[in-house]
Amino acid sequence: MQHPQARESAERRRPGALIRLGREHRAWTLADLGGRLGCSPATVSRLERSARVADLALVHRAALEVGIPRHVFGAAEDHNKLSSRLI
């Protein structure tokens, strides 16, 4: 069964919310995910809270780490179109 918050976050194109759900599902702290990504816990927190995405590559890496497939964020779409919607 799909998590209702995950469906809503995907439909609203809120990648940070999906990443947070994935991280929490794994019982990882901000520091745990940051360590896996090579960034600070504060950076992970900003990524999860922000509706604006400054680093699309970091979003994709974080999503993969927590088990969210890239296609959920439209990775197959034209990069410029996706960036303009997220930034």
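Modeller: A helix here is a DSSP run of at least four residues, numbered from the N terminus. By that rule Ala 63 sits in helix H5, residues 56–65. Bear in mind that this is a predicted model.

Biologist: Okay, so what makes Ala 63 buried or exposed?

Modeller: Buried means under 20% relative accessible area. Ala 63 comes in at 0%, so it's called buried. As for its surroundings, the C-alpha atoms of Ala 63 and Pro 15 are 8.0 Å apart, though 48 residues separate them along the chain.

Biologist: And H3 and H4, why is H3 called roughly perpendicular to H4?

Modeller: H3 (residues 30–37) packs on H4 (residues 41–49) at about 100 degrees, with the axes 8 Å apart. The label covers angles of 65 to 115 degrees, so H3 counts as roughly perpendicular to H4.

Biologist: How do you know which residues of H3 and H4 meet?

Modeller: Contact takes heavy atoms within 4.5 Å. On the H3 side that gives Leu 30, Ala 31, Leu 33, Gly 34 and Leu 37, and they meet Pro 41, Val 44, Ser 45 and Glu 48 of H4. By class, this contact has six nonpolar residues, two polar and one charged.

Biologist: Which elements have the highest and lowest mean pLDDT?

Modeller: H3 is highest with 97, while helix H6 (residues 79–86) is lowest with 46. For the whole protein chain the mean is 77, and 64% of residues reach 70 or more.

Biologist: Where does pLDDT stay under 50?

Modeller: Over residues 76–87, where the model has 17 contacts beyond four places in sequence.

Notes: Residues are numbered from 1 along each chain as its sequence is written. This is a predicted model: local features need pLDDT of at least 70, side-chain atom pairs count only at pLDDT 80 or more; totals for chains, interfaces and linings use all residues. Side-chain values use heavy atoms; hydrogens and water are left out. Axes are lines fitted to C-alpha atoms, for helices over the stretch in contact, and angles run from 0 to 180 degrees between N-to-C directions. Helices (H or I, at least four residues) and strands (E, at least two) are DSSP runs, numbered from the N terminus. Angles under 35 degrees count as roughly parallel, over 145 as roughly antiparallel, 65 to 115 as roughly perpendicular and the rest as oblique. Ala, Val, Leu, Ile, Met, Phe, Trp, Tyr, Cys and Pro count as nonpolar, Asp, Glu, Lys and Arg as charged, and the others, Gly among them, as polar. pLDDT is the predictor's confidence in each residue, from 0 to 100. Buried means under 20% relative accessible area, exposed over 50%, partly exposed in between (1.4 Å probe, protein chains only).
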